[in-house]
Amino acid sequence: MDALALKFESIGLSSTKAKDTTKNKKLAPVLERAIDLANLPKETYTSNKGLGVALYTLASTCTKDALNHFEFLVGQVANENLKTGDQVSAAIAFCEALENGAPIPVNEF
């Protein structure tokens, strides 16, 4: 198994899902970047299965309009401020509504 599939498994993806994700040329680099940005030890994903799911959801649903704020969004997942798919979707929509390049008003987030 290649290193990328192992990295995807480390966040809780099944072996099959990890292998399939490595073949997805759009999703694989985004998910890899999310994992790298989160910079959490594997044990964190083992003890909190929802964290890997939230990162995967973010990577698979983040739009080009929200990508400017991808690092912020990953941080929110890593800090467990975004725990569910609905929260991740709402955060993406919030970022999409900002003018291009505008900073995130954290007090409104």
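This is a predicted model: local features need pLDDT of at least 70, side-chain atom pairs count only at pLDDT 80 or more; totals for chains, interfaces and linings use all residues.

Student: OK, which residues are buried in helix α6?

Tutor: In α6 (residues 70-78), F70, L73, V74, Q76, V77 and A78 are buried. Buried means under 20% relative accessible area, with a 1.4 Å probe and protein chains only. Helices are DSSP runs of H or I, at least four residues, numbered from the N terminus.

Student: What covers the buried residues of α6?

Tutor: The cover includes α3, α5 and α7 (85-97). Contact means heavy atoms within 4.5 Å.

Student: And H69, where does that lie?

Tutor: H69 is in the loop between α5 and α6.

Student: Is H69 buried or exposed?

Tutor: Buried, with a relative accessible area of 10%.

Student: What does H69 touch?

Tutor: Not counting residues up to four places away in sequence, H69 touches C95, L98, A102, P103 and I104. The H69 side chain also reaches the backbone oxygen of A102 at 3.3 Å.

Student: New topic. At what angle do α3 and α5 pack?

Tutor: About 135°, with the axes of α3 (residues 27-38) and α5 (residues 49-61) 9 Å apart. Axes are lines fitted to C-alpha atoms over the stretch in contact, and angles run from 0 to 180 degrees between N-to-C directions.

Student: Which residues make that contact?

Tutor: L27, V30, L31, A34, I35 and A38 of α3 meet L55, Y56, A59 and S60 of α5.

Definitions and conventions. Residues are numbered from 1 along each chain as its sequence is written. Side-chain values use heavy atoms; hydrogens and water are left out. Helices (H or I, at least four residues) and strands (E, at least two) are DSSP runs, numbered from the N terminus. Buried means under 20% relative accessible area, exposed over 50%, partly exposed in between (1.4 Å probe, protein chains only). A polar contact is a pair of N or O atoms within 3.5 Å; within protein, one must be able to donate a hydrogen and the other to accept it, and residues adjacent in sequence count only if both atoms are side-chain atoms.
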